[in-house]
Amino acid sequence: MEKEALMKKRTLWILLTVLFAASALYAVTSVAKDGPAGLVGCAILAVAFGMMAKKTDPEARFRKKPKTNGQSVGKGDVRKAMKGDYTAIDLETTGLDPANEKIIELGAVRVRSGKPVSTYSQLVNPSMPVPPQVRRLTGITDSDLADKPTIDKVLPEFLRFIGSDALVGHNIQRFDVPFLLHAVIDAGLHMPASTVIDTLPIAQQLLPELPNHKLVTLVQVLGIGDDESHRASDDARQDALVYEALKAYAKKNHIRLQ
């Protein structure tokens with residue numbers, strides 16, 4: 001539903017961009033008579049609406065980004081990850097906004113030489129009810145989480161598991177990393193400045209012909225599986241398989257990943 005709303009909003013921005021661009025072109029013919037004000041105004045509005053359309057990403061899972069308090073997770077040396085040494089991560093949450101929603105499951109798969117060697121999986125008590133749509137999507141219920149530890153109790157163990165590895169995930173830059181950073185800051189912990197590799201833009205670069213680049217679509221197209229489980233450790237494993245498949249595709253077709 002959120003993606004449909006974003007698509008509608010993006011379509012509206014595009015239509016407004018076209019409308020005001022056309023108005024600006026028409027205003028060119030009347031500059032001598034009416035002055036440049038109409039032309040300039042239409043041109044500014046066309047550019048503004050064009051920028052709004054560009055920023056409205058239908059693939060995005062949320063918009064707000066948390067304050068980082070000086071902590072960062074960003075680009076770095078990707079050589080080890082390209083050779084197959086990294087940790088794939090995935091989070092399940094109560095919603096899309098890291099400032100107001102909570103993590104309910106942490107999942108990670110440590111990969112060495114392109115092969116999974118260890119898995120981390122932990123349900124988390126969010127201290128709030130799990131929304132119905134999340135229960136339907138993940139199968140995780142309030143009773144499943146009632147006796148589980150809160151995020152501040154499990155984060156140290158999770159951070160030790162990922163260590164200084166490069167982190168791989170699907171839409172990780174806009175979803176998983178902000179949620180993780182927010183939780184780390186709230187717990188008064190420190191997040192290592194790890195390399196982050198997002199398979200979403202990689203898939204968009206390599207497979208632009210696909211109707212969308214959701215994880216479930218890539219899993220099916222790349223022959224990895226039939227569905228996405230929406231459980232953290234399972235999705236982290238699929239993230240790793242998708243990353244390896246995308247690297248193999250790029251190598252086979254002599255494409256340099258940006």
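These questions and answers set computed values of a predicted model against the definitions behind them.

Q: What makes a feature of this model count, and how are residues numbered?
A: In this predicted model, local features need pLDDT of at least 70, side-chain atom pairs count only at pLDDT 80 or more, and totals for chains, interfaces and linings use all residues. Residues are numbered from 1 along each chain as its sequence is written, and side-chain values use heavy atoms, with hydrogens and water left out.

Q: Why is Thr119 called exposed?
A: Its relative accessibility is 52%. Exposed means over 50%, buried under 20%, and partly exposed in between (1.4 Å probe, protein chains only). Thr119 therefore counts as exposed.

Q: Where does Thr119 sit, and what does Thr119 touch?
A: Thr119 is in strand β3, residues 115–123. Strands are DSSP runs of E with at least two residues; helices are runs of H or I with at least four; both are numbered from the N terminus. Thr119 touches Ala108, Val109, Phe161 and Ser233, leaving aside residues up to four places away in sequence. A contact means heavy atoms within 4.5 Å.

Q: Why is Glu92 called buried?
A: Glu92 has a relative accessible area of 6%, so the residue counts as buried. Glu92 lies in strand β1. Its contacts, not counting residues up to four places away in sequence, include Lys102, Thr138, His230 and Asp235.

Q: What makes a set of residues a nonpolar core?
A: The members are buried Ala, Val, Leu, Ile, Met, Phe, Trp, Tyr and Cys residues, joined through side-chain atoms within 4.5 Å. The largest such core here has 24 residues. Ile89, Leu106, Phe158, Ile162, Leu180 and Met191 touch the most other members. Elements giving two or more residues are β1 (86–93), β2 (103–112), α7 (151–162) and α8 (172–186). Helix α8 gives the most, with eight. A second, separate core has 23 residues, among them Ala88, Ala203, Ala236 and Leu246.

Q: Which residues does Leu180 touch?
A: Not counting residues up to four places away in sequence, Leu180 touches Ile89, Leu91, Leu155, Phe158 and Met191.

Q: How do you know that the span of α11 is close to the expected one?
A: The expected span is 1.5 Å times one less than the number of residues. Helix α11 (residues 232–252) has 21 residues, and 30 Å is expected. From first C-alpha to last, α11 reaches 30 Å. His254 follows α11, with a positive phi near 55°.

Q: Why is the pair of Tyr86 and Tyr243 called edge-to-face?
A: Rings of Phe, Tyr and Trp (its six-membered ring) pair if their centres lie within 6.5 Å; planes under 30 degrees apart count as stacked, over 60 as edge-to-face and the rest as tilted. Tyr86 and Tyr243 are 5.2 Å centre to centre, with 80° between the planes, so the pair is edge-to-face. Tyr86 is in strand β1 and Tyr243 in helix α11, 157 residues apart. Both are buried. The whole structure holds four aromatic pairs. Ring pairs also link Tyr120, Phe158 and Phe161 into a cluster.

Q: What makes Arg110 a charge over the ring of Phe161?
A: The rule asks for NZ of Lys or CZ of Arg within 6 Å of the ring centre and within 35 degrees of the ring normal. Arg110 lies over the face of Phe161, at 4.2 Å from the ring centre.
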